[in-house]
There are 2 protein chains.
Amino acid sequence: LLDGIGRNDRMSLARAITIVENDLPGSAELLRGLTPGHAHVLGFTGPPGAGKSTLINAFLRHVIAMDKQAAVVAVDPTSPFTLGSLLGDRLRMAEHFNSESVFIRSIASRGTLGGLSGRIIEITDVLRSAAFDYIIVETIGVGQTEVEIAGLADTTIVILVPESGDDIQAMKSGIMEIADIFVVNKSDRAGADAFANSLRTMAESRSGDEWEIPVINTVATEGNGIGELFEKISLHRHSAGFTEKHIHLLTEKVYQLIRNNRMKDLDREELKKRLAKAARHSGFNMYAFAESYPG
Amino acid sequence: LLDGIGRNDRMSLARAITIVENDLPGSAELLRGLTPGHAHVLGFTGPPGAGKSTLINAFLRHVIAMDKQAAVVAVDPTSPFTLGSLLGDRLRMAEHFNSESVFIRSIASRGTLGGLSGRIIEITDVLRSAAFDYIIVETIGVGQTEVEIAGLADTTIVILVPESGDDIQAMKSGIMEIADIFVVNKSDRAGADAFANSLRTMAESRSGDEWEIPVINTVATEGNGIGELFEKISLHRHSAGFTEKHIHLLTEKVYQLIRNNRMKDLDREELKKRLAKAARHSGFNMYAFAESYPG
């Protein structure tokens, strides 16, 4: 299986992902056997209706033209990639479903709001061990998802539209914190320049010495601006802070793995049973209970 | 300090909350010394603009009229309670700031989107040990926050407005899963009845044998519907599934406490340093690294 993954064999990849997604027997051994390749993991996030999928399609066309390989993981329940993998490749958006350079997988989100699957890190790791140049993770940009995608992707691309201006006040800081690159899609619409400019002002105040957060205008349906996006993504990978960011993300992931390992033995049902009994006594204190558990 | 908390002494409460919120020395001892009283913890959640704060104000008026005591914890960054505690009591909404029956505290949200503070459970527990009848936690209803508030409150009240109809499809399941009570606020607006009816149909399909999720029409600015809300909250507390739900929530909380205890010794900076070194070697595998850490 590991061999097949290394060769980008579709069947091996699909099987391996199913194993880690559902934590089937052999999952832990499989993960311990992975050797990360050179893939650049890109997070594409933004509100519903921003045209994330159309943009990804245009990006994939560029990837194919450059003779590169890409994998797409769609976690957004409204994504045509997700729908496409359910309905087959009959949708207009799923034009790359049968391409040999592109591997597409949609996975169930943890919550109905498009939160990331609990196994997204492991799934991405399987793909990292294959021979892809790019791994694209598409998520809906609401709430905590943003923090999660930023913890997963080497480069996070936040996609907005001119109309996002009204929402941006509410989302501002959340989005500012995770974006390595901003895209203003549907830039042929009214208000695009004004919106891009106000975004640029925000981006400047956030940019560090090591990376100036760019704001790119695109019209994904026409393929406009995709070349520039491609270029900025590549520039980000080679920017000064990139390795530091990578180690930071790795630390978060390994921290979670260690935490999972340490909690593996704890049976929630057993805990619940004992709590139901203990909580009946007056003077019950959950902090004292937790400290002495399973005591 | 514990003594002061039991007497609802404002200074003691404020100090105790500051200690647990910032995990200052003595925090663990303080928490272990708490003895939960009889407070009913209410989660008020919903999208910005639904009138959560106005509704809470109207509810507080009712509480005061009944000669009961209430504490409000505002985690919503757009809440006038939160603004009020920053700006003083000059805001119209904060009419209860100086009431002896009401204690108001606003706490910083973890993320800018209004996620719950990492210490909200502990803060609520301090208030649970005081002599309040109601503890109201106000949060903005986006993304993962919903799951968090449902894990904290004995009774979760989801506040919507007639205009929420458009968003409800996207949020539907998330909200359906956590609501014990629905409120359609601003019910004097057009479309209120139609919206309440469609909400009722949804609520019915979710209701179990033990609790039928009610949909209440309110006009918080006029105080309309607050009596009914008060009554349903009380009914929910005495419903058949309430104790079971309480034990379920307690289990989640104690699980998290145990997890925190088990991870207390792990120094992230040390982990990061060792990862930075290990990741340089080809063949580095984070799963193997995590399993043998600190090795």
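**Fold, helix packing and inter-chain contacts in a predicted model**

In chain A, residues 24 or more positions apart account for 75% of the contacts with a separation of 6 or more, a contact being defined by heavy atoms within 4.5 Å. The model is predicted, so that local features need pLDDT of at least 70 and side-chain atom pairs count only at pLDDT 80 or more, whereas totals for chains, interfaces and linings use all residues. Residues are numbered from 1 along each chain as its sequence is written, chains are lettered from A and ligands numbered from 1 in the order in which they are written, and side-chain values use heavy atoms, with hydrogens and water left out.

Chain A has 13 helices and seven strands; these are DSSP runs numbered from the N terminus, with helices (H or I) of at least four residues and strands (E) of at least two. Of the 295 residues in chain A, 55% are buried, where buried denotes under 20% relative accessible area, exposed over 50%, and partly exposed the range in between (1.4 Å probe, protein chains only). The accessible surface of chain A comes to about 12900 Å², and 49% of that surface belongs to carbon and sulfur atoms.

Helix α12 of chain A spans residues 268–278, and its buried residues are A:Leu271, A:Lys272, A:Leu275 and A:Ala278. Viewed down the axis of α12(A), these buried residues fall within an arc of 130 degrees and so line one face of the helix; the arc is that of the directions from the helix axis to the C-beta atoms. The face turned away from this buried side carries the exposed residues A:Glu269, A:Lys273 and A:Lys277. Cover for the buried residues of α12(A) includes α13 (286–292) of chain A and α11 (242–263) of chain B. At the N-terminal end, α12(A) is capped by A:Asp267, a side-chain oxygen of which lies 2.9 Å from the backbone nitrogen of A:Glu269.

Helix α13 of chain A contains A:Tyr287, which is buried at a relative accessible area of 6%. Apart from neighbours within four places in sequence, A:Tyr287 is in contact with B:Leu31, B:Arg32, B:Ile121, B:Glu122, B:Asp125 and B:Leu257. The side chains of A:Tyr287 and B:Asp125 are joined by a polar contact of 3.5 Å. Such a contact is a pair of N or O atoms within 3.5 Å; within protein, one must be able to donate a hydrogen and the other to accept it, and residues adjacent in sequence count only if both atoms are side-chain atoms. B:Asp125 lies in helix α6 (residues 120–128) of chain B and is buried, with 8% relative accessibility. When residues up to four places away in sequence are not counted, B:Asp125 touches A:Met286, A:Tyr287 and B:Leu34.

Over all chains, the structure holds 22 salt bridges, each a side-chain nitrogen of Lys or Arg within 4 Å of a carboxyl oxygen of Asp or Glu. One of them joins the side chains of B:Glu291 and A:Arg32 at 2.9 Å, N to O. This pair crosses between chains, from helix α13 (residues 286–292) of chain B to helix α3 (residues 27–32) of chain A. Both partners are partly exposed, B:Glu291 at 43% relative accessible area and A:Arg32 at 33%. A network of salt bridges links A:Glu29, A:Arg32 and B:Glu291.

A further salt bridge is formed by B:Glu252 and A:Arg268 (2.6 Å, N to O). This pair also crosses between chains, from helix α11 of chain B to helix α12 of chain A. B:Glu252 is partly exposed at 26% relative accessibility, and A:Arg268 is partly exposed at 33%. Within chain B, the side chains of B:Asp154 and B:Arg128 meet in a salt bridge of 3.6 Å, N to O. This pair links distant parts of the chain, 26 residues apart: B:Asp154 is in the loop between α7 (145–150) and β5 (155–160), and B:Arg128 is in helix α6. B:Asp154 is buried at 4% relative accessible area, as is B:Arg128 at 10%.

In strand β3 of chain B (residues 102–106), five of five residues are buried. B:Val102, B:Ile104 and B:Ser106 are buried on one side of β3(B), and B:Phe103 and B:Arg105 on the other. Five bridges join β3(B) to the parallel strand β2 (residues 70–74) of chain B, strands being paired if DSSP finds at least two bridges between them. B:Ala71 stands opposite B:Phe103 in β3(B).

Key: Areas by Shrake-Rupley, 256 points an atom, 1.4 Å probe, with all protein chains shown as cover.
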